[in-house]
Amino acid sequence: MKQAVLTGEHFLTGDVACAEGALAAGCLFFGGYPITPATEIAERMSERLPEIGGTFIQMEDEIAAMASILGASWAGKKTMTATSGPGFSLMMENIGLGIVTETPCVVVNVQRAGPSTGLPTQGAQADMMQARWGSHGHYEIIALAPASPQEIFYQTIEAFNLSEKYRIPVLIMSDEIVGHMSERVSIPAEKDIVTVSRTAPKGRKDRFKPFQPGPNGVAPMPAAGQGYNVHITGLTHDEKGYPVMTVEAQEEMMARITGKIRRNLDDIIRTESYRLEDAEIAVISYGVSSRTSLAAVDEARNLGIKAGLLRLITVWPFPEEQIRQLARRVKKMITVEINLGQICLEVQRCAGGRIPVTLVGHAGGTIISPERVVAELKEAVSS
Amino acid sequence: MIETASRIKQPEHPLDDLLRTDRIPHIWCPGCGIGTVFSSCLIAMKNSGLNLQKMAMVSGIGCSGRAAGYVAMDSFHTTHGRAIPFATGLKLGNPELNVVVFSGDGDLFAIGGNHFIHAARRNMDLTVICVNNLNYGMTGGQMAATTPHLAKTTTTPMGNPEAPFNLPLLAYAAGATYISRWTILHTRDLTRSIDTALKRKGFSFIEVLSPCPVNYGRRNKEKAFDSLKLYQDKGIIKNGANPSEIEMDFEKGITLGDFLDVDRPTCIEQYDKTCRLI
Ligand code: SF4
């Protein structure tokens, strides 16, 4: 057997670093389907999983890939799939099943420009609202946005930990640029990597209820074959997992699956502040765009503009409180993202009309240059 | 009257230990054949001698898809058409499990058709039981990929212009290693076939013709009892028949039997041999 954790210094693409992060987190099952620019994640997993005792399978489509990782999760494994826009659309159906059956798993979307087939080899950040609302019905989701190969390594571990802790599919919203760039990635010693696994049930097996919340609002989760005889359904169900077709049952179930996220925002949401202490203009960005925004903030500071950056590491649930507080301190906000205004809408909502919020975005296909952000910052101070 | 009746202690059903009795009564209509297939399945499971704790049932959506909700073992009622890929993950995640997919023709062969052929191709170790009632029962009787040519459904009010699948032939062409077809009138044969399928490794497929009097029968002048009569009159048992020659012709004859029972390395065996360099 080879090692799951490749401790040491590496030069890796974001896609490969993501696969290594998954293995370091304890992932032992990957159900995939090829798609540019996410294929390298599947390729790496197909090579690495069998040598550490895990299983890789290339399914017949992304619908099946998503279904397979839910099945394998109920077999007790940590599971993942990776895709891009068109595949992400196909996965929406079973992401919903994962949410309502409270099934831990990780879904990586290496975003490319859409709609439809779009620009398959060129990056974008235009699936952010799909990540939030793409599956039907109302729900909460967790989505992270990595800005570099090193960060996606750690975020993948974090994604597994959050999915196991909260029994929920966690999305990693990468993009073609991060996925295909090669950079230095340090992989720490195995003992220094914190991993979380779902809570195992205790007590009498015949009385166990697979959806009865524990202290943090999340129910312990057994695996098939352990003797708990669980029933798991996509229908509205009670704590026992039995279908109940009533308004009351719907309300109770929805309160459970949304409440476990809404009540733990402090534990889930992570953001990073850069030069915001005395800032008058705040740039809000995430993923690869937060890197170009960082350069722009430094450049603006050199020009005497009091700019700062709030980098969203967790995009969903949305860091509402962080944005609200910031909106009380700064005069303007600029959202930087590779789309025509998605997260910008959320920032505007949270700013609540208190201050102007503008967008630096484009239709997709390349990064947003720091110059464009600097130009917007200059414009902001002059107007 | 009803109150008095409910106070009378019901005798225990011989399959109670395999049923979620707290979920009975089930939703199936009077005259429906699904319950018969379901009880054949449970009898086969119970008598198989296999460890039931290591058995799991996966269903899709539809009337037959509700089976997973009544069986007292690990059971998964998934999304429409996706029982097989979910079951594939479950089996690969823990190869010790004996995974049974119990679902309907609409679920397995229209929306789920792609998953069926690929699971058969890779000889995934699953037992797939398809209750074929020739239409979509749950949604009120629409045309399915199995609806006979010219049969009436709510979406083919003038008669079905299309041709149905021959399911055993499809399974055969795709690579299944155990294939049977029965009707709910042939419960002994069916139970025996399920028992065999449970013990076979690889992809096993059993089609069971089953009446849907409420939706299909009603529109095709076929009462529940007529369907059974049809199964009796037109059913021709030909074990070992070539799947390309078997018929499902309600005028000429319906070929039933165990059509295939061969050994071919399973998906997991091949993966271990090819990919694990231990
Ligand atoms: S609609 Fe048809 S298939 Fe469904 S339960 Fe009723 S009789 Fe059975």
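Predicted model: local features only at pLDDT ≥ 70, side-chain atom pairs only at ≥ 80, totals over all residues.

Q: What radius of gyration would a compact globule with 278 residues have, and what does chain B have?
A: The radius of gyration is taken over C-alpha atoms, and the globule rule is 2.2 Å times the number of residues to the power 0.38. A compact globule with 278 residues would have a value near 19 Å, and chain B agrees with this at 19 Å. Taken along the principal axes, the box filled by the C-alpha atoms of chain B is roughly 65 × 50 × 30 Å.

Q: How many helices and strands are in chain B?
A: Helices (H or I, at least four residues) and strands (E, at least two) are DSSP runs, numbered from the N terminus. Chain B has ten helices and eleven strands. Of its 278 residues, 57% count as buried, where buried means under 20% relative accessible area, exposed over 50%, and partly exposed in between (1.4 Å probe, protein chains only). Among contacts in chain B with a separation of 6 or more, 68% come from residues 24 or more positions apart; contact means heavy atoms within 4.5 Å.

Q: At what angle do the axes of helix H10 and helix H13 of chain A cross?
A: Two packed helices are described by the angle between their axes and the distance between the axes. Here H10 (residues 287-302) and H13 (residues 370-382) of chain A have axes that come within 8 Å and cross at roughly 50°. H10(A) and H13(A) are therefore oblique to each other; angles under 35 degrees count as roughly parallel, over 145 as roughly antiparallel, 65 to 115 as roughly perpendicular and the rest as oblique. The contact is made by A:Thr292, A:Ala295, A:Ala296, A:Glu299 and A:Ala300 of H10(A), together with A:Pro370, A:Val373, A:Val374 and A:Leu377 of H13(A).

Q: Is A:Ile232 buried or exposed?
A: A:Ile232, in strand E10 (residues 231-233) of chain A, is buried, with a relative accessible area of 3%. The residues that A:Ile232 touches include A:Trp74 and A:Phe211, and also B:Ser75, B:Phe76 and B:His77.

Q: Where does A:Ser84 lie?
A: A:Ser84 is in the loop between strand E4 (78-83) and helix H4 (85-100) of chain A. Its relative accessibility is 0%, so A:Ser84 counts as buried. Among the residues it touches are A:Ile35, A:Pro37, A:Asn109 and A:Arg112.

Q: What is the phi of B:Leu134?
A: B:Leu134, a residue other than glycine, has a positive phi near 70°. B:Leu134 counts as buried at 7% relative accessibility. A:Asn229 is not a glycine and has a positive phi of about 45°; at 30% relative accessibility, A:Asn229 counts as partly exposed.

Definitions and conventions: Residues numbered from 1 in each chain as written. Chains lettered and ligands numbered in written order. Heavy atoms only, no water. Axes fitted to C-alpha atoms, helices over the stretch in contact; angles between N-to-C directions. Lists of a residue's contacts leave out its neighbours within four places in sequence.
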